[in-house]
Amino acid sequence: MLAMNLAVWSAVMLPVLAALYITRFWMNAPKFQVLPKCAGSFVCLGTLGVGLYLSGKQPFAHLAFWALFLFMLGDFLIERRLELGGAAFAAGHLLLITWIVNQGFFTWWCVPVWLVAAGSLLAVFCRDRNRMGRLAGALGLYGAILTASFACAAVLPFIAGDWYWPFAAGLLCFVLSDAVLGKNELHKPSASKQWLLMALYYAALYLIAASFWSA
């Protein structure tokens, strides 16, 4: 029943999310682009909240709800200051990790997955350290938290059921989105990279939200 409800909800919300995604890039005033950007994150937050409610859980008492709230807040803050936005995103990922651990879903298999993910991200940015300047340490810490969040999510389908494949896929999209964002920030900005990273980012949030429409 919940799967059917999710299908109906997605049939309405995904076109809305797509419209907000397109609106962000069509707006001529960059300072107002944050509005459709945050509205898209709000759609994903609402999706998670409705899923939790229909599953018999209290959204405001769930760590995943506040994690997506922090991601939405990060969308706003990162347009003002990179460090503040990064801190909000890091806090959101820490909440997801905490939720996974509290559910008893953590296994030591997360460690080798994290080492591979963190090592891969390090390899992608190893030549960009000088471009990072004073933010190198903070970005390295965020990368470690981001890949740890993905590593914890990646094992969930194997230990908690197939319903968590979207959750794992969402965190993978999050890593890829932030990797594209990092390259776009450290090198000459590219419009195509902006389109790609936002598509991956919205996919990440929606997949994470959809995974909580479970009984």
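This is a predicted model: local features need pLDDT of at least 70, side-chain atom pairs count only at pLDDT 80 or more; totals for chains, interfaces and linings use all residues.
## Packing of H1 against H2

Helix H1 spans residues 2-26, and helix H2 covers residues 34-54. The axes of H1 and H2 come within 8 Å and cross at roughly 170°. Because angles over 145 degrees count as roughly antiparallel, H1 and H2 are roughly antiparallel to each other. On the H1 side the contact is made by Leu2, Asn5, Trp9, Met13, Val16, Leu17, Leu20, Thr23 and Arg24. H2 contributes Pro36, Lys37, Ala39, Gly40, Val43, Cys44, Gly46, Thr47, Val50 and Leu54.

With a relative accessible area of 1%, serine 41 is buried. Neighbours within four places in sequence aside, serine 41 is in contact with Met72, Asp75, Tyr201, Tyr202 and Leu205. Tyr201 and Tyr202 belong to an aromatic cluster as well, which is taken up in the next section.

## Aromatic pairs and charges over rings

The count of aromatic pairs comes to 24. One of them joins tryptophan 9 and tryptophan 213, whose rings are tilted at 45° between the planes, with 6.0 Å from centre to centre. This pair links distant parts of the chain, as tryptophan 9 lies in helix H1 and tryptophan 213 in the segment after helix H10 (191-210), 204 residues apart. Tryptophan 9 is partly exposed at 24% relative accessible area, whereas tryptophan 213 is buried at 1%.

A further pair is formed by phenylalanine 65 and tryptophan 66, with ring centres 5.4 Å apart and planes at 85°, so the pair is edge-to-face. Phenylalanine 65 counts as buried at 9% relative accessibility, and tryptophan 66 counts as partly exposed at 35%.

Ring pairs also link Tyr21, Phe25, Phe71, Phe89, Phe174, Trp195, Tyr201 and Tyr202 into a cluster. Phenylalanine 25, a member of this cluster, has arginine 24 over its face, at 5.0 Å from the ring centre. Elsewhere, the charged end of lysine 183 sits over the ring of phenylalanine 125, at 5.1 Å from the ring centre.

Glutamate 79 lies in helix H3 (residues 63-80). This glutamate is partly exposed, with a relative accessible area of 37%. Apart from neighbours within four places in sequence, glutamate 79 is in contact with Arg24, Val34 and Lys37. Arg24 and Lys37 both take part in the contact of H1 with H2, and Arg24 is also the residue that lies over the ring of phenylalanine 25.

Alanine 88 is located in helix H4 (residues 82-102). At 7% relative accessibility, alanine 88 is buried. Residues up to four places away in sequence not counted, alanine 88 touches Leu70, Gly74 and Leu77.

Leucine 146 is part of helix H7 (residues 136-154) and is buried, at 1% relative accessibility. Beyond residues up to four places away in sequence, leucine 146 touches His93, Phe174, Val175 and Asp178. Of these contacts, Phe174 is one of the residues in the aromatic cluster.

Phenylalanine 106 is found in the loop between H4 and helix H5 (110-125). This residue counts as partly exposed, at 35% relative accessibility. Phenylalanine 106 touches Ile100, Val101 and Cys152, with residues up to four places away in sequence not counted.

The table sets separation in sequence beside C-alpha to C-alpha distance for residue pairs involving these four residues.

| Residue pair | Separation in sequence | C-alpha to C-alpha distance |
|---|---|---|
| Glutamate 79 and valine 34 | 45 residues | 7.2 Å |
| Leucine 146 and isoleucine 97 | 49 residues | 9.7 Å |
| Alanine 88 and tyrosine 164 | 76 residues | 24 Å |
| Phenylalanine 106 and leucine 54 | 52 residues | 26 Å |

Valine 34, listed with glutamate 79 in the table, is also one of the contacts of glutamate 79. Leucine 54, listed with phenylalanine 106, is among the H2 residues that meet H1.

Conventions
Residues are numbered from 1 along each chain as its sequence is written. Side-chain values use heavy atoms; hydrogens and water are left out. Helices (H or I, at least four residues) and strands (E, at least two) are DSSP runs, numbered from the N terminus. Buried means under 20% relative accessible area, exposed over 50%, partly exposed in between (1.4 Å probe, protein chains only). Contact means heavy atoms within 4.5 Å. Rings of Phe, Tyr and Trp (its six-membered ring) pair if their centres lie within 6.5 Å; planes under 30 degrees apart count as stacked, over 60 as edge-to-face and the rest as tilted. A charge sits over a ring if NZ of Lys or CZ of Arg is within 6 Å of the ring centre and within 35 degrees of the ring normal. Axes are lines fitted to C-alpha atoms, for helices over the stretch in contact, and angles run from 0 to 180 degrees between N-to-C directions. Angles under 35 degrees count as roughly parallel, over 145 as roughly antiparallel, 65 to 115 as roughly perpendicular and the rest as oblique.
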